[in-house]
Amino acid sequence: MDKSIKIKIDGKGIIAKEGQTIVEAAEENGIYIPTLCHLKGIIPSGSCRICNVKVNGRFLTACTTKIHDGFEIENNSPEITELRKIIIETLFVSGNHYCPACEKSGNCILQALAYQYRIMIPRFPYIYEQREIDASSPKLILERNRCVLCKRCVRTIKTDDGKNYFAIEGRGHKARIILDEELAKTMTEEKAMKAMENCPVGCILKKETGFIKPIGERKYDKESISKVCVK
Amino acid sequence: MNKPVIATTSLAGCFGCHMSILDIDEKFLELIELVEFNKSPIDDIKTFTKPVDVGIIEGGCCNSENIHILKYFRDNCKILVSLGECAMMGGLPAMRNTIPLEECIKEAYLNGPSTVNEEKILPNDEELPIILDKVYPCHEIVKIDYFIPGCPPRADLIWDALLHLATGKKLELEYESFKYD
Ligand code: SF4
Ligand code: SF4
Ligand code: FES
C-alpha cells in the first residue's frame with residue numbers, strides 16, 4: 001500500500017501519497033498550482049518556474065519536488081503571486097503574442113495564466129524580437145513568435161522507435177524550436193495533432209485546424225485555468 | 001455636481017473599440033445623462049473645449065500624429081484609459097514590428113499584389129505624419145491610468161467601466177469579460 005504523507009499547503013493540512021510531487025498532491029486535493037512546461041504524466045523538467053512555491057521557507061518548483069512529511073508549502077502568498085506574474089509578463093514581452101490573431105487563443109495556457117493573474121499590461125517594455133515562421137513541413141506550422149521553449153514537444157512527440165521530431169537549436173535568446181525535415185514528411189495525422197495539443201501555446205499548429213472552436217466554447221472562455229485544471 | 005467629462009480618440013486602431021462603445025446600444029441614452037462628451041469622434045468635437053475627467057484611447061502609436069494626439073490627451077485629461085488590445089500592446093498593427101519599415105513600405109506602395117503605382121510614388125509630404133520605426137503601446141509613450149482589455153472589449157465591460165469611472169466606484173472584473181481577444 002502507498003504510504004500516506006501529511007503536508008500543509010497554505011496552512012491547510014492534506015494527506016498525499018509517498019512519491020507524489022507537490023503538483024500531483026495538490027491537484028488530488030483540489031488545490032491549483034499553476035504549471036506551464038509540465039505536462040501531466042511525463043517526467044517534469046522544471047524549466048519555466050511558474051509552479052514556484054515556498055517549502056519550509058525555500059523556493060522550489062512544485063512540479064519536480066517530491067513531497068515529504070512535514071512539508072509546509074506556501075502557494076498563494078502575495079510574494080509568490082508576484083513572482084508568477086513576473087514570469088508570465090516576461091514570456092509575453094520576450095515573444096510576439098498577438099492573441100486576437102492567434103489560432104490557440106482561448107485554448108492557450110500562457111494566455112489562461114495571464115487571465116488567472118489578471119495581467120493587464122507587462123511591466124517590461126515589449127522587445128518585438130524577429131522570429132522566423134516555418135511552414136515548410138507538410139502538416140505543421142512552427143509559429144516561433146509564440147514559442148516559450150518549454151520543450152514539451154521535444155519531450156513528448158517521438159517516432160515509434162524513439163527518435164525526436166523536435167529539437168531546440170541555438171542558445172540564449174537565439175534558441176529556437178526546429179522540426180526534423182525528413183521525419184516531418186512521414187508524420188501521421190495523429191502525431192501532428194498531438195504535437196499541436198501538447199504545445200501549451202500557439203507555436204505548433206496543425207495546418208487547416210486553426211479557429212475550429214468558436215469564441216465562447218474554447219477551453220478557458222468561461223472558466224479560469226485554476227478551475228479547469230482542478231475538478 | 002457637474003457631470004464627468006469624457007473624451008475619446010482612435011489612434012492606430014480599426015475603430016472597432018469605438019464600435020464596441022456604440023454597442024452599449026440603448027444604454028447610450030443613460031450614459032449621456034451621466035456624463036458629458038467632449039473631444040470625440042462620437043460628437044465630432046475636434047479640440048478640447050474644457051478640462052476632461054476621463055480620456056479613452058483606442059489604438060497604439062504608429063506615427064507622429066498618434067504621439068501628438070496621445071500627449072494632447074494626457075495634457076488635458078485627469079484620467080487616461082487604454083481601450084483594447086492595440087492601445088494596450090500595439091495589437092494587430094504591431095505585427096509589422098518584426099518586419100523592417102522599408103520592407104513594409106515597399107510592400108504597401110510598390111510590390112503588393114494589388115498595388116498599382118506606375119510612377120513609384122512613396123508617401124512623402126510634410127502634411128503627412130511620419131511613420132514610426134515600430135508601433136508602440138500607449139503606456140510606453142505616456143502614463144496610462146487604467147486598461148480595458150479585449151479585441152474589441154465587450155460592450156458590457158465598456159459600460160461597466162464607464163459607469164464605475166463616472167461614479168468613482170471600484171470595478172471587480174468578471175472572469176468572462178477579461179479577455180485579450
Ligand atoms: S500563444 Fe497564447 S499568449 Fe501567445 S498569442 Fe497565442 S493565445 Fe496569445
Ligand atoms: S513549440 Fe510549443 S511545445 Fe515546443 S518548446 Fe515551443 S512552446 Fe514548447
Ligand atoms: S511547471 Fe514546474 S517549472 Fe514549469
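Which residues of H6(B) are buried? In this predicted model, local features need pLDDT of at least 70, side-chain atom pairs count only at pLDDT 80 or more, and totals for chains, interfaces and linings use all residues. Residues are numbered from 1 along each chain as its sequence is written, chains are lettered from A and ligands numbered from 1 in the order written, and side-chain values use heavy atoms, with hydrogens and water left out.

Along the sequence they follow the pattern β-α-α-β-β-β-α-β-α-α-β-β-α. The C-alpha atoms of chain B fill a box of roughly 60 × 35 × 30 Å along the principal axes. Of the 181 residues in chain B, 47% are buried, meaning under 20% relative accessible area, with a 1.4 Å probe and protein chains only.

As for the opening question, the buried residues of H6(B) are Ala155(B), Leu157(B), Ile158(B), Trp159(B), Ala161(B), Leu162(B) and Ala166(B). An α-helix has 3.6 residues a turn, so residues three or four places apart point the same way. The cover over the buried residues of H6(B) includes strands E1 (5–10), E3 (52–58), E5 (77–83) and E7 (146–148), along with helices H1 (16–22) and H2 (27–34), of chain B. Just past H6(B), Gly168(B) takes a positive phi of about 70°.

Now for the largest nonpolar core, which has 46 residues. Such a core is a set of buried Ala, Val, Leu, Ile, Met, Phe, Trp, Tyr and Cys residues joined through side-chain atoms within 4.5 Å. Ile88(A) and Phe166(A) have the most contacts inside this core. H3(A) gives the most to this core, with six residues. Setting aside neighbours within four places in sequence, Ile88(A) is in contact (heavy atoms within 4.5 Å) with Ile50(A), Leu110(A), Leu113(A), Ala114(A), Tyr117(A) and Ile119(A).

Key:
Buried means under 20% relative accessible area, exposed over 50%, partly exposed in between (1.4 Å probe, protein chains only). Helices (H or I, at least four residues) and strands (E, at least two) are DSSP runs, numbered from the N terminus.
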